[in-house]
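This briefing is intended for a reader who is meeting the structure for the first time. Please consult the sequence and the 3D view below before turning to the points that follow.

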Amino acid sequence: MRIVTVRRISQAFFFVLFMWFCVVSSLGTGWMQLRGWPVSWFLELDPLNALGTILTTGTLYSGLVWALATVALTVLLGRFFCGWVCPFGAIHHFVGFAGRRGKGVSAKIAGNRYRSGQSVKYYILFVLLAGASGSLAASAIRAALGGRIGFWILVGAAVAIGVAAAAAAGTAGKARKARGVVLILLGAWVAVAFFFSVDRMIAASLQTGLLDPIPLVYRSVNLFLLPLADSTAQRVFAGQRYYDGAWAIGALFLAAVLLNLIIPRFYCRFVCPLGALFGVLGRYALWRIGRRDGECVQCLVCEAHCEGACEPSGSVRIPECVLCMNCLHDCGHDSIAYRTAPSEAGEVAAPDLTRRGVVVTLASGVVAAPMMRLGGIAARNWNPEVIRPPGALAESEFLTRCIKCGQCMRVCPTNIIHPAGFEAGMEGVWTPILNYRVGTSGCQLNCVACGHICPTAAIRPISLDEKLGRNAYVGAGRIRMGTAFVDRGRCLPWAMDRPCIVCQETCPVSPKAIFVRKVYSTVHGGAFRVKKADALTVELLEADLQPGRLATGDYFVKLPGDTEETLRRISENTRTGVAVGADKPFAPIPPPGTPLELQVRLQLPQIDPERCTGCGVCEHECPVSGRRAIRVTAENESRERNHSLLLRRTSK
Amino acid sequence: MNASDEKGLSRREFFIRAAKAGACIAAAGYLGYRLYDPTGPVGSGRIEPASVVLPDFSIPELRGKMAIATGSDRIKSINAALKPLGGMETFIKKGDRVLIKVNAVIASPASLSATTHPGLLAEVVRLCLQAGASSAIVTDNPINDPESCFALTGIGPAARSAGASVILPREGLFRFGSVPGGALIKDWPLLYAPFEGVNKVIGLAPLKDHHRSGASMTMKNWYGLLGGRRNVFHQDIHNIIKELAMMVRPTLVILDGTTAMMTNGPTGGSLSDLKQTDTMIVSTDQVAADAFGATLLGRTVYDLPFILKAQEAGVGTADYESLDPARVQAG
C-alpha cells in the first residue's frame, strides 16, 4: 500500500474516532452515551496542554501523561501528529484539497510556497508559554530571595533549558548571541526581584487553549457543530442545546476552515501553536524528508501537494514539514525519501525566527498575564455573575488549569455550563460559567460529571459525598457554587401580593434552603363595610369585585378582632359579596356596617445561606421568566474563602 | 453610432428581448400582488392556536369504585387493593394501550419517596400486560432534567424492564390544549403526543406534602402533563389542580401511601421527611382518593381547597365513605 494511502487511513481513523468521542460525550450508559469512552483522549495526547499546565502548576495531571507518547514520537519522527493524527489538521487537509481541485499544477505550487509569515506561529507559542510561566519564574525568584541553595540549582536548570530551547529554536544560527539574551533576561528578573516585591507583578495565565487546535476543535464541534446539526435530528441531545456566545466559537472555527480556500492548511502553517511546538520538538528527528542525490530536474511537482509548505524541492524546512508524504509520492524521479540521512540539497532545521522577535514575544507574554490581572477580576473586583461548576478551583488556580476545551459544557446533562464571554475578564474567555436561565434545570444534586470529564482538574473530580457533604465530608459541608438572592422588587408575593413560592417548592436540598414567611396582607382596595350577612355569606357595601377572583383558596375575610387563626377562608365571591367555607361559619353574624377586610395569605420566600448551594433550580423555575426574581450569584461559594458570607463558627 | 446600434438589433431579437423583459415584469407584478399585505402582522401572541382536548378514559359503569389496602409491601398492597375490585382485568382489557402517568418530579433516589416507586410501577405495568394490554407507556414532564429524573429515580429502568416504553418530554410532543369549562388551561402546551393511540390512562402518584397547595396526590400529579412556563399557575394553585382533574378523566388512579412525605414537599430530600403510613389507595374517583389521602397527612378537605373545588366541578366526591370503599389487609 502506498504511504499516502496509509496516511489517509490514519487521518480518517483518528477523525472518526474524534467525532465519535464528541457524539458519545452525553451522560448515560447507552451505547451512544458516555459509558467509559476516553472522550478526552486527544486533549491528553496534546503536549501543549501538558506543557502549559506543567508551567502553571508544576504538575502533570493524570491522563495528560499521554502527552509523553506524542512528545517521544515527535522527537523521533517529526510532526507526525499534524499530518497523521490531528482531527483539526484532517479538516484543513481535506478542505485545502477540495479548494485547490481543478487548479493547474503551477497554481498549486504557488499556493504551497514557503511564506515568511509561517514563523508567526512560533511567536504565538512563545507568547502563550511565557504567559503561563509567570509563577515558575516567581518560584525561582522566591528561592533567590530566600537565598537557598536550591536557587542556584534552579538558575542552572533554567539556563540549561533556556540555552537548549534557544539552540533548538536555533535563532537562525546565532546560538551564542541567543545564549546571551537568555542570560540577560534571567539576570534582569533576578535583579528586579532584589529591589521589588515581585509576587504582585507575577501571574500565570493559561491561554494556550484559545488557539491550541485540539481544545479548539473539541470546543467547536461540541458547542457549535453538534448542537447545530442535532437541532432537527435530536439524536444526540434530548432537546435543543444552547451555548451562550457559541457564534464566536463557530466564527473562529469557520474562519480557520475557510482560510484553507486561500492557502491550504492556513491555520497549521501560520497560526497553530501546537504545530510550532512540534516543529521545535522535531529539531533532532531521526527520520526526515529530504532529497536523494542526483536525478532531481527541479520540476517542483513535489511542492504541488506539499501540506506544510516546507520546500522539499530545495533545502527542506524540517519544522514546517507535517509528514504528509505527498512529495514522496508525487516525485516522478524517486529523488525524495524519508530517511535518516540529511537532505542532499541541505535542510533548514530551525524555525525562521529573529532574536528580536523571540525577545519581544517572550517579554510580552510574561507581562501579559499580570497586565490582565490588573483589572482585579481574580481579586477584589471579582464578578459575582461568574458562577463556576461544582468542584472548580479558586479563581486564580482555576485560570492556571482551564484550557477552554468545553468538555464540561458538553457533558453537563442540564446544559447549564456555558462558555464565558468577558464576564471572567480577558483571561476567562470561553471558560465555564453557569447560566441557570438557558438549561433544562439547575445543577443536579446527584451529578458530578463535569469534574470527572475535565482533563486538567480545573474542575476537580469530586465525589458525590464531597458535593453533598456526606460521610467523610460532613464537617466540610456541601459544595456551594453560590447563593440565591430574592429580588423583592420582582418577586410576585413580595412585590405584588400574588401567591407563588415555586422557588421554595423546587429547592432540592433537605431541609429546604428556601423558607417562607407567612403573612396575611389586606388586598389593594380591600377594606369594606358589611351590608348584610348570614352564617356563610356576607354582602359588602360599595363593592365591585371580579366574580370568582377571590375563590382561589388564598383569600380570607378579616373581621375586627380576628387573628390569623380565626380568619375565614373565602370559598366563592360575586361582584358584591363573598362566601366562606362551611367549616367556619360567622358566629356571631356581623351586623351591617361592621368594617371588614379582604386579605390574601402570602408565603414570602427567604433564603437560608447555610443551606443554599447555589444550584440554581429555583432561578431556573422562577415564573418571572425574564430577569428572574430569585437569582444565584457566586456569593458564599465554597471555592473562595474570602467570598464567604457568613461568620465562621468552629464547633468543638 | 445610433444607426449601427439599431442595425445590430434585429426585429426578431427585439421581440425576444421584449418578451423576456415583459415576463420578468409580469412575474414581479404577480408576486407583488400575491404577497401584498395591506394590514400588517397581528402579533403572534394574538393568534388562536388549534387546541386539543384530552378524551375521556374512564369507564362509565365503574364510576365510584375504591379500595384501600394496608400493608408495608407495595407489591402485596396493590394486588390486595385491586382484588375486591376484580383485579386489574376489570379495568384493562385485551389489546388495550395503557398510559401510566408517574410522578418523576425530581432526580432523586426512590428511597426518598419524592417520586413514584419503581417497584410499584413495575408491578402495575406487569399487571396491565398480564390483563392483556398490548402496550404500556410511562411518561411525565418533571421539574429537573427529564433524562436524569427517569434514570435516577429508577422509574425509567423499572418501566423498561417490566415491558413498558418510556416517553421523555420533547418539544415536538406538546400540543396546545384546553379544558372545556376551564378558565386557566386554555391553549396551553400539553404533553399530548403520548396520549395518541392510547385508550386507558392510569395515574400513579406518591402521597406527599406540598408547600403551596397543602398536598400533592393523584390530582396534582397531572401537573406533569403541562408544558410551557407552567409555574405561573402557582398563583392560583387550587384552581389549577381542579382544572387538571377536569382535564384528565383517568381509567384508574393509584395513590401510594406506603411511605408518605410529611414535610419539605414536594421534593423532600431527607429520610426524616418521611413517615410509614402503610396504605395503598386504588380508585376510579380521584377526588375520593385525594380526600382519603389527606387524612393520612393529617389534613382535612378544608385545608386543601382544591378537593372541594374539584367536587364542585363534578369530578368526583370528597365524601369517600359514600363510595363504600373496600378495606383490606395486605399479606
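In chain A of this predicted model, residues 24 or more positions apart account for 74% of the contacts with a separation of 6 or more. For chain B, 76% of the contacts between residues at least 6 apart in sequence join residues at least 24 apart.

**Chain A**

- The secondary structure of chain A consists of 24 helices and 14 strands.
- Chain A has 652 residues, of which 48% count as buried.

**Chain B**

- Nine helices and 11 strands make up the secondary structure of chain B.
- Of the 331 residues in chain B, 53% are buried.
- The radius of gyration of chain B is 28 Å, whereas a compact globule of 331 residues would have a value near 20 Å.
- Taken along the principal axes, the box filled by the C-alpha atoms of chain B is roughly 110 × 40 × 40 Å.

**Helices α3 and α4 of chain A**

- Two packed helices are described by the angle between their axes and the distance between the axes.
- Helix α3 of chain A spans residues 47–57 and helix α4 of chain A spans residues 67–77; their axes come within 8 Å and cross at roughly 115 degrees.
- Because angles of 65 to 115 degrees count as roughly perpendicular, α3(A) is described as roughly perpendicular to α4(A).
- The crossing of α3(A) and α4(A) is left-handed.
- On the α3(A) side, the residues that meet α4(A) are A:P47, A:N49 and A:A50. Their counterparts in α4(A) are A:A67, A:T70 and A:V71.
- Sorted by class, the contact of α3(A) with α4(A) has four nonpolar and two polar residues, and no charged residues.

**Where chain B touches chain A**

- How many residues of each chain take part in the contact between chain B and chain A? The contact involves 32 residues of chain B and 33 residues of chain A.
- Helices α5 (146–152) and α7 (237–247) of chain B each supply at least two residues of the side of chain B that touches chain A.
- With four residues, α5(B) gives the most to this side of chain B.
- By class, the side of chain B that touches chain A comprises 14 polar, 10 nonpolar and eight charged residues.

Technical notes: Residues are numbered from 1 along each chain as its sequence is written. Chains are lettered from A and ligands numbered from 1 in the order in which they are written. This is a predicted model: local features need pLDDT of at least 70, side-chain atom pairs count only at pLDDT 80 or more; totals for chains, interfaces and linings use all residues. Two residues are in contact if their C-beta atoms, placed from the backbone, lie within 7 Å. Ala, Val, Leu, Ile, Met, Phe, Trp, Tyr, Cys and Pro count as nonpolar, Asp, Glu, Lys and Arg as charged, and the others, Gly among them, as polar. Axes are lines fitted to C-alpha atoms, for helices over the stretch in contact, and angles run from 0 to 180 degrees between N-to-C directions. Angles under 35 degrees count as roughly parallel, over 145 as roughly antiparallel, 65 to 115 as roughly perpendicular and the rest as oblique. A crossing is left-handed if the near helix is turned anticlockwise from the far one by less than a right angle, and right-handed if clockwise. The radius of gyration is taken over C-alpha atoms; the globule rule is 2.2 Å times the number of residues to the power 0.38. A residue is buried if 20 or more other C-beta atoms lie within 10 Å of its own, exposed if 12 or fewer, and partly exposed in between; C-beta atoms are placed from the backbone.
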